[in-house]
Amino acid sequence: MTTAVAPKTQVPDVASQITFAMRSMGVAPIPRNYELFYEAYIGSNPALTRDLAALGNQATQEELDAIGAQHFNHGSGRAFDEAHTRITSELESVIRVLRQEQTSLESYNRLLGETYSRINSKNTSSADLIQNALDLLTKATGDTMAHGERTVEDVVQRSNEMDQVRRELDEYKRIANTDSLTRLSNRRAFDDRLAAVFNNPAMRPITALVLADIDNFKKINDTYGHPVGDKILATVASVIRANVRRDVFVARTGGEEFALIIEGNTAEEVMAIAERIRRTLEATPFKNSRTRINYGPVTVSVGICMASSAEDAGELYHKTDVALYGAKNSGRNCTVLFEDGMQKEFTKSWLIYKG
């Protein structure tokens, strides 16, 4: 590889582009609409992109919701709204209960003060004084204890209900961040995780981004059809997941592209992990058990970049993509680690491996 330094590529502001597209179509900037345009922008769901484009510049909210219901049957946007409403309601109930408890304690405090006043009174006989004091304290203490027990029960119930809502929210988030075909994390979850890489500078020298792209996948789809392509994607995903530790983050970031964020390993160790995945896929049979049609061989090209070679998440992704192109340019079915000087060498035919 020659060593030439290319100017840093400007990373597009995805959020701004999505917001601009929504504004151009007159679409309300609410979360569930943003989700539609986000998925259309990254291109992970071509059918959604086509349906959204077909609406033109006069899309109604009903039409957008219909597309959302069709492509996101988990209804995560509405689910979050409903869960937020439920949590707000439960918190208001807890506050009311605690305020009632405060009122009860204030009443108890007044009774204690009244009892103290009677004890200090010189106009009451000792027997009557003690009896009245005992009656007041017994009643006040009993009422306060009973009220306190009811308060505890009420707070426990509300806490349990809020915990249930929290679990539901966790499940909604899991679904919203999961690719429905491969069951791996999706591009949304990947973007969040990649940004988090730069939260801990000490981890950057032993953290790597790995991009793996299935070779000639368009030819597979064109030859055997998209259902076969989907099965191959699912199999590739399972092979990748089976060949890394459980704590390694694995996502499907595009049509036939997968990403791994590996923490706690040197560049040499990451290369070994990537090579293990590549060789396992190369040796995996892709056959139809009924028709005996052989769809293989299925191989991947892999690009790697250590986080210490980048200043931010955008640059890390860009440099890993450059390494991935290097693997494609070197004949496919190989692994390339990013090195300084690769950028200019691979810039001329930047998108040759796409599609």
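Visitor: In what order do the five strands of the open sheet stand?
Guide: In this predicted model, the chain has 12 helices and five strands in its secondary structure. The five strands form an open sheet whose pairing is mixed, and neighbouring strands in this sheet are turned against each other by 15° on average, with direction ignored. The order of the strands is β2-β3-β1-β4-β5.

Visitor: Which strands stand at the edges of the sheet?
Guide: A strand at the edge has a single partner strand, so one of its sides is left without a neighbour in the sheet.

Visitor: Which residue of β3 is the bridge partner of T207?
Guide: Strand β1, to which T207 belongs, runs antiparallel to β3, and seven bridges join the two strands. Within this pairing, the bridge partner of T207 in β3 is E263.

Visitor: In which sense do β1 and β4 pair, parallel or antiparallel?
Guide: Strand β1 spans residues 207–214 and strand β4 spans residues 300–306, with seven bridges between them. Among the facing residues, I214 has V300 of β4 as its bridge partner, while A212 stands opposite V302 in β4. The sense of this pairing is antiparallel.

Visitor: How many of the residues of β1 are buried?
Guide: In a regular strand the side chains alternate between the two faces of the sheet. In β1, T207, L209, L211 and D213 point one way, whereas A208, V210, A212 and I214 point the other way, and all are buried. The strand is mostly covered, and its count of buried residues is eight of eight.

Visitor: Why is β4 described as largely enclosed by the rest of the structure?
Guide: From β4, the residues V300, V302, I304 and M306 point one way and S301, G303 and C305 point the other way, and all of them are buried. The strand is largely enclosed because the number of its residues that are buried is seven of seven.

Visitor: What is the handedness of the β-α-β unit that β4 makes with α11 and β5?
Guide: The two strands of this unit, β4 and β5, pair in the parallel sense over three bridges, and I304 stands opposite L337 in β5. Helix α11, which covers residues 313–329, is the helix of the unit, and the handedness of the unit is left-handed.

Visitor: Which strands does α9 touch where it packs on the sheet?
Guide: The direction of helix α9 makes about 10° with that of β3, the strand of residues 257–263. Packed on the sheet, α9 touches β1, β2 and β3.

Visitor: Why is α8 oblique to α9?
Guide: Helix α8, residues 217–224, and helix α9, residues 226–242, pack with their axes 7 Å apart. F217, I220, N221 and Y224 of α8 meet H226, V228, G229, I232 and L233 of α9, and by class this contact has six nonpolar, three polar and no charged residues. The relation is oblique because the angle between the helices is about 135°.

Visitor: How are α3 and α4 directed relative to each other?
Guide: Helix α3, residues 46–54, packs with helix α4, residues 61–71, at an angle of about 170° and with the axes 11 Å apart. Their contact is made by A47, L48, D51 and L52 of α3 and by L64, I67, Q70 and H71 of α4, a set that divides into five nonpolar, two polar and one charged. The two helices are therefore roughly antiparallel.

Visitor: What is the distance between the C-alpha atoms of Q61 and N33?
Guide: Q61 has its place in helix α4 and is partly exposed, with a relative accessible area of 23%. Leaving aside neighbours within four places in sequence, Q61 is in contact with A28, I30, R32 and N33. Although Q61 and N33 are 28 residues apart along the chain, their C-alpha atoms are separated by 8.6 Å.

Visitor: Does N177 count as buried or exposed?
Guide: N177 lies in the loop between α6, residues 126–176, and α7, residues 187–196. Leaving aside its neighbours within four places in sequence, N177 is in contact with L184, S185, N186, R188 and A189. Its relative accessibility is 15%, and since the cut-off is under 20%, N177 counts as buried.

Key
Residues are numbered from 1 along each chain as its sequence is written. This is a predicted model: local features need pLDDT of at least 70, side-chain atom pairs count only at pLDDT 80 or more; totals for chains, interfaces and linings use all residues. Side-chain values use heavy atoms; hydrogens and water are left out. Axes are lines fitted to C-alpha atoms, for helices over the stretch in contact, and angles run from 0 to 180 degrees between N-to-C directions. Helices (H or I, at least four residues) and strands (E, at least two) are DSSP runs, numbered from the N terminus. Angles under 35 degrees count as roughly parallel, over 145 as roughly antiparallel, 65 to 115 as roughly perpendicular and the rest as oblique. Contact means heavy atoms within 4.5 Å. Ala, Val, Leu, Ile, Met, Phe, Trp, Tyr, Cys and Pro count as nonpolar, Asp, Glu, Lys and Arg as charged, and the others, Gly among them, as polar. Two strands pair if DSSP finds at least two bridges between them. Buried means under 20% relative accessible area, exposed over 50%, partly exposed in between (1.4 Å probe, protein chains only). A crossover is right-handed if, with the strands pointing away from the viewer, the path from the first strand over the helix to the second runs clockwise.
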